Amino acid sequence: MKLRKIVGLSTVALFASLTLAGCGEKEDPNTIVFWNPLTGDDGAYMDNMVKEYNATEPEYPVKSVITSDMYTKIYTVMSSKNDVPDLTLIHADRVPGFVKSDMLEPIEEVISAKPEINADNYLPQAWSAGTVDGTQYTVPLDIHSSAMYYNIDLLEKYDAMSMLDDDVVTFDEMLSLKGKLDEGDFVVNNALLSWTILAQIINLGGDIQSNGEPTVNTPEMKQALSSLKEVADQGLMTPNGEDGYLMFQSGNVLFSTDGTWSSTAHAGVDGLNFGVTNIYSNTPDVFTNRASSHLFSMLNNEERTDEKEAGIADFLEYIRQNSIEWAKAGQIVASTEVVESPEFQEFKQSFFTSSEEQIESLHIFTYEYYPYVEEAINTYCFDIVYGELDMDEGLATMQKFVEDKIAENQ
């Protein structure tokens, strides 16, 4: 779901460049080549939308190309200026770096003939994720967020349904179940643990950067990790190294902190009686769900014609009106026309757009070096939470990890 500069390409990227140059096939000039990183089940839903669009017989049909290791390949083709795709689907945290490296074409002129493609018709965080210094570079497809699923049968068994009364489960409420669970049952798993930590940072009034510099070793990060460590220390979190996601699907975990997209997989499990709510928090009145966004963008490409750009605008307007298919992938569709439709209310993730307060809880990080911050948390958070790495040593190590990554890629 991470590189920064075009200069200094790795050996792998250079090899990929030679490979692409040597065996790339010539595309139909009237076809919009669309790269996306959707290598999971969501790729099939995107392919369905593209097929439905092409069935309208547009002048410029779209060719969807699911591209593994897409960001490495983007840097490769931008360096060689060969085989640059017409349209790409990128993550929100990529936008600042791509703009800084002069890799993205502003999209304002392209969509100017489509007046309905504007900020008022999309979820605000998704639209603003593509705005840099007042210029719009992207059009959003979705918001994909962390979520907390709950096992209704287990909550009833342990007389804990009241935890959901305010839609926010607190650490104190989870800790209140100490000593009350059967052997083999757990209150919460450690799925997407880094995302839940990032949510707590915002809940606690912190951030991951200050004036562009990374802030990982902070009191807020320490408090977030300490709260999770207490849950783990009390034996209420699924064991380190075990698949807590599958343990939730097996009916042994009350709360699973995975993603909105997981709703489709959970729904396919026979006998799993589940619902969805917000990620846990320290207090019921402040809650955050770490989120990101898939954004349509255009890499700088002098060979892209004005006519093809008009075709891209046609496709983006079609998606704005017809992306209910994308909700089937468990995503929060960015188009308000779709989000406000009766059809969208049938999907579990509609919970996160059910009120202004819920929409505001979706926090998208757009810090240029966000990928390094997430990588640092992922690398060390499990050892810290499960007591295998000293807290202060771990915080200092994470801070240095991010600083070193930034220095290496300047």
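This is a predicted model: local features need pLDDT of at least 70, side-chain atom pairs count only at pLDDT 80 or more; totals for chains, interfaces and linings use all residues.
The largest nonpolar core comprises 75 residues. Met46, Ile74, Ile90, Phe98, Phe296, Phe315 and Leu316 have the most contacts inside it. For leucine 316, once neighbours within four places in sequence are set aside, the contacts are Ile107, Ile111, Ile117, Tyr122, Val139 and Phe296. Another core lies apart from this one and has 56 residues, including Leu177, Ile208, Leu225 and Phe401.

Turning to charged side chains, the structure holds 16 salt bridges. In one of them, arginine 304 pairs with glutamate 105, with 2.9 Å between the closest N and O atoms. Arginine 304 sits in the loop between strand E15 (294–297) and helix H13 (306–321), while glutamate 105 belongs to the loop between helix H4 (95–100) and helix H5 (108–111), so the pair ties together parts that are 199 residues apart in sequence. Arginine 304 and glutamate 105 are both buried. Shared partners also join Glu105, Arg304 and Glu309 into one salt-bridge network.

A further salt bridge brings together lysine 222 and aspartate 392, at 3.0 Å from N to O. Here helix H10 (residues 219–233), which carries lysine 222, is linked with helix H18 (residues 391–408), which carries aspartate 392, and the two residues are 170 residues apart. Lysine 222 counts as partly exposed because its relative accessibility is 36%, and aspartate 392 likewise counts as partly exposed, at 45%.

Glutamate 337 and arginine 320 also meet in a salt bridge, at 3.1 Å from N to O. Glutamate 337 lies in helix H15 (residues 336–339) and arginine 320 in helix H13, 17 residues apart. With 42% relative accessibility glutamate 337 counts as partly exposed, whereas arginine 320, at 6%, counts as buried.

Methods:
Residues are numbered from 1 along each chain as its sequence is written. Side-chain values use heavy atoms; hydrogens and water are left out. A nonpolar core is a set of buried Ala, Val, Leu, Ile, Met, Phe, Trp, Tyr and Cys residues joined through side-chain atoms within 4.5 Å. Buried means under 20% relative accessible area, exposed over 50%, partly exposed in between (1.4 Å probe, protein chains only). Contact means heavy atoms within 4.5 Å. A salt bridge is a side-chain nitrogen of Lys or Arg within 4 Å of a carboxyl oxygen of Asp or Glu. Helices (H or I, at least four residues) and strands (E, at least two) are DSSP runs, numbered from the N terminus.
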